[in-house]
Structures are given as structure tokens and as C-alpha cells.
Amino acid sequence: MKYTTFKSVRNSTGVSADKPWPEFVKKHLMDHQVITDKSNGQLYSGAVYHMDPPKRGDANVESMSMMVVDYDNSQGIGIDAKCAGLPTLPEDVEPELAGLTYAFHSTHSHTVDWPRWRLVIPFNREITRGEWRVVFAYIYDRILGADENIDISCKDLSRAYWGPACTEATQTVAFSAYEDGELLDVDEILDDMGAGASLSPDFVAGMAENVISLPTATPEIPPAPNAPAGRNDYLKQIVAAMLERNEPLEEIVCQVYQADVDKHGAQPLFTDVAEGMRGSAPINALSFVTNVIRSIDSMRTRAAIDPQLPQFRPVNAVPNTELMPGQKENEPLKVFTAASLHDRKPKKMEWLMDGWMPMGQTTAFYGDGGVGKTMVIQQLMTCVSTGSSFMGKATRKGRVMGLFCEDDVDQLARRQRDINTLYGSDLRAQENIYFFSRPAQDNVLMEFDKNSNKGRLTEIWHQLRAEVKRIRPVMLVIDTAADTFGGIEIDRQHVRRYIQSALTSIAQEFDLSVVVLAHPSAAGLANKTGSGGSTAWHNSVRCRIFMYKDEDKGCCTIKLVKNNYGPAGEEIDVYHNSLAFIPWNPKEMNGFSAQLKEQENEKWVIEKIDECWEKKINISFHPRANFVARQLLRMAKIDRYSITKMEIEKITHDLHKKGALQIEERGHGKSNGSTIRNLGR
């Protein structure tokens, strides 16, 4: 079996090889390289070139000996927005390939959460360039079911693929396998396709439509309607669609270039010399778009454009016509002069948190996972419920609600107990805080139709709105955007409709402040702006807050990144004192550290008393029995926790004096005894 290898993605000149299929599999598909950068790995290709040494490029390919299928679109990212919501696994395609010879292996970007792998199917003979499109269409459409997780660029004749590779972190989950059976009989496929046997009417009707192909020496049969185009052809269609929508030329060039980089990574189209690209990537992208404008092919493509092609940057988008509850039909356009406002008394600007979170609007609160943004927002909810100031900022008193998609009831309870301990308040008196705890459930508030691209408010949203109407809070927390947003993160239209229709509509209808928690991108963390996804996330909210760890200060910083109704840039430095967050003041921290240590010690002592109760370890205030200070000091040594016997004595004595601890009789083993119980459990 003939094939070609390339030393790396940077080499367009390869090496021809000819080995039996079993030897090819053993040499190139079974063993994973542990590398940090996939661009360092060797590539293989089923393309057979008519020159020696082989030089990459579709026009140089003479025949194909195998088909390689990339299953790597399962996250719904890149320019192929039509991918599935769940990944495809090898066992999913095994029934369709029963009896055939094939192999598969995971790739460098493979993870447990999102499997990425390749399927390799050898042919019983080499196929010509003209036969390739037919065989590819048959395998893609008829055998693999036009799986949306397949990377459409695997149709390219000269496409080369990295061999099995993984990182140190993923080498334990890397996989590869080989199934022995019959080689795929391409002649049977050609006979079947040529005769039109058992083909759908759509396939027969579309045989001669919308075909954009590279020059070839042999006649080609057009692919099935479901068969994807190569990346050149696919981008031509996208550019044509954007032109049809009258989008600015500079926007088209920017967005198509960016999307290509996102999808193809180390080998983007506009820097691929094998594809005829000779200049810089931006210049190549501009030339590509210009050629489409001037191309007769693009005019034909535009006439039959697929309405589902992705819209990278929608311009002049048709607004969502679905009416929100309480929303009226659009009134006729009315104009008024500035002079007419002379006697109008504008409503005073109102804030949930003074200068940071406006009423009647949506505020975005960004922070990396684990930084503590949910704790901060739950502290703010507690302060608002009592009208107390938060980190020195005045709050508006009222009921608060929170939809928590990640935390269960126990976690919310643990966090709330720590907050109440910090503020010295009684949890039983806080009837103004309402929680919805929904981890591992469907919490999407707005989803989008693939055909019309129109947003639809879900049943969960309507239930949430009904509770807001019943309870009438002044604050509604949505934790997180990732759990409640059912669209494409980089699609401006999706993002804006979600924020305006699902969140701000509730804020304005019931005059409350909506706070949505979100995670920043890697770039947003690095530049300390907290940005992520489309710029619509930043532009559609009136205020945006970013919480991050400030290594220079040695604390966490909460920064007001955006404020449409006042100055931005204000920062609040906070520190977690083992209970919750408190203001950070480095000048006062030396004197305050002792107080923080006392609070930390008290929390540790209470936890150990609870542990003794659960494990039925009797402890006592009597110094000659199971003295509590002696017993807990042993536990401290096991935990390697720094605390003295005298400190334990003082803490337990003070807690007992306040009535937090109680001596309780109970049997243990063969003897009876007494122990200390925490009444706050």
C-alpha cells in the first residue's frame, strides 16, 4: 500500500513509502509520542503523488490509498458550527464498519471530556482523483451517517495527519486499535453510485448542482448533497454568504481569517504554501476574499447558499420577533426634540451595589474557576438581604434570588454558615435569601434554532420568571452563563439576544439587578481584563466586574472593568480569612493577622469536635479524662496544623461559656461516658 509521510507540518516535501497495511499500522498508528507541541510530530497521508519527492498540494496528488476521518469537532467550535453536542466515540461507529479493515487512534488534543481521534480506512486498491470524491461521499454519507463531529477538511486530497501523539498529562488515556477484516471494495461503491442504486432522490437531483472542484485530468461525479466541501470551497461559500448580507469588506476579511486560524491551528489556510498562498496571512486573506468577489463561481454559489452557514459577525441582523412576557408590540417610530425634555424629571439612577451594579440592568461578574467569585456573590446577597454595606459599598435592601447551576444544597449551606459566622448574624433569621440549587441539570434559559438562528426562551426561564414575579427580589444571580446560555459563545447575535431577552428583560420588567457569573478566556486572564468569547459579552451588559488573584499584592482584586453609568477602573482588594472574603489592607494586616489566626483556629477546633462526635471519640473538659485539649492536640499533629494546647483550651472554654458546646452523656463500647457536642451542627 502506497502512502506519504512528512517530517513535520512545516515541511511540504515528503517521503514516498510502500508497505503492506499491517506494517503501516504497526509503524504509524499504534504507538503514541509524548510531545508538548503537536507541530513537532510526524505526519502521514493516504495521498500518492506523481512526483518524487512528493510535494504537498491537491494538484500534485495522483491517487489515494486510504481515507482518514478526523473526529475532532465535538465541542462546537471553529468555523464548522454544525457539529453535534456530544462527541462520537470509536464504539459508536463500530457497527457501521463491521467486517471491514480499519484502525483508529487518539490525537494530541484528546481528553477524557472531549475525545478526539482519527479513523483510518484502507481501500482494496488505489483510487483516482475523480473516484476520490465519489468514494469519500459514500463513506461520509452512507457509512458514517454524515456525522457532524467529522472535520470537513478531511476531504482535501493533500491533507496530511499527525501520527498518534499525546501530552504527559493525557498519555494514560491515549488509545489506538486495529480491526482486521475485508478491505473496502471501492469498485462496488463506484458501481452502486454510478447506477444510482438505492440512492435518495435528493442525491440524484443534486448530482450536477453546486459543484466547485479543483482541476483534474479525469471526469468527476459530484458528491452527495450531505458531503462537505474542502476548506477552500467551504470558505468561498461563507464569504459569498457574508457578501450577500452586505457586511463590510474589512469585517469579512477579518472574520474569515480569524475563523480559519481557529479551526486549522498550526496549518491555517492563509499561510499554507501548498494551497498557493505566497504572501503574509492578512494579505492572503484579502486576496482570497477579492477573488471570490470577482469569481463567477461565487455568484452561482451565492444564489443557492445554505442559510445555515455560520455567521461570524452578523451585520444588520433581523431582530428576534418573539415577544417577552409583558412586552408590547413595537410602537411606530416617534421623534422628539431636546427642548421637549425641559420639564421632564429623569428618574434617579439606582444601584444595587453603589456605583457597581445598576438596577434594571444586567451586570457580568467574571472570574476564573476557584478564585472565589461565587463566595463573593453569596456574601453580597447576604448583605443586600439585610441592607448592610459590602466591602465599604452601600447596598439596596431587599429579597435576593440565586440560580446556582454548579453548587448543591450542602455546598450552599456550608458557604452560608461561614458567611453568617463572619458577619455574626443568625442564619435562621434570613428569610430574604432564596436559592435554586440545580447541579447536573438542564439549566439553559435560551436556546437557538439551527435553521432560523432565532432564540427561544425555555421552560426553565419561564419558571424562573414566575418565581421572580412571586418573590419580587431586588437581585437575581445567574451562576453561570455557561450553564444557562444555549447558543454559540462567539456569535454576537446569540450572545446579545441571550443577555437582552433572557436576563435584562427580567431586570427591566421587575426593576431588579441581574448578576450573571462567567469565566474569562485564557487571554482575558493574562491581560487582567477578564474578557472571553465574543465582544458582545462585554458590550451587551451595562457593568462588568472581574475578580482575579493579584500575585503582586498577595490578595484577590475585584475590579470594575466597565461601567456605562459612571467611572470604571475602581478596585476592591479582598482576602479570604478561612471563612469568607474581607477587605485587604496591607498596612493593617500585621496587626490583623493575629485576629485572622484566632478565627482560623476556632473554625478548626469546631471541625475537630464535630469529627470526634461523628467517630464516637469521647472528649471532656476534665483534665484527667479524655481532656479535649490533649485529644485535639494529637489530631493537630496528625493534620500538621499549627496550634498550641493553651489555644485549644481557651477556644473550647470560650465556646462553652457562650453556650456553643454542650456536655452530653453517651455510651461508648463497654463503658459509659460523656463527650462534648457542638450545638451549631
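Tutor: In this predicted model, the contact to begin with is the one in which Val628, Ala629, Leu632 and Leu633 of helix α18 meet Lys645, Ile648, Glu649 and Thr652 of helix α19. Two packed helices are described by the angle between their axes and the distance between the axes. Here the axes of α18, which spans residues 628-639, and α19, which spans residues 645-657, come within 9 Å and cross at roughly 125°, and that angle makes α18 oblique to α19. The crossing in which α18 passes α19 is right-handed.

Turning to the aromatic rings, the count of aromatic pairs comes to 20. One of them joins phenylalanine 136 and tyrosine 140, whose ring centres are 6.0 Å apart and whose planes stand at 10°, so the pair is stacked, planes under 30 degrees apart being counted that way. Both residues belong to helix α3 (residues 129-143), where they sit four residues apart, about one turn of the helix, and both phenylalanine 136 and tyrosine 140 are buried. Tyrosine 575 and tryptophan 584, by contrast, form a tilted aromatic pair, with 5.6 Å from centre to centre and 45° between the planes; tyrosine 575 has 30% relative accessibility and therefore counts as partly exposed. Elsewhere, ring pairs link Tyr3, Trp21, Phe24, Tyr44, Tyr161 and Tyr178 into a cluster.

Methods. Residues numbered from 1 in each chain as written. Predicted model: local features only at pLDDT ≥ 70, side-chain atom pairs only at ≥ 80, totals over all residues. Heavy atoms only, no water. Axes fitted to C-alpha atoms, helices over the stretch in contact; angles between N-to-C directions. Helix = DSSP H or I, 4+ residues; strand = E, 2+ residues; numbered from the N terminus. Parallel < 35°, antiparallel > 145°, perpendicular 65-115°, else oblique. Left-handed = near helix turned anticlockwise from the far one by under 90°. Contact = heavy atoms within 4.5 Å. Phe/Tyr/Trp six-rings, centres within 6.5 Å; stacked < 30°, edge-to-face > 60°. Buried < 20%, exposed > 50% of the residue type's maximum accessible area, 1.4 Å probe, protein only.
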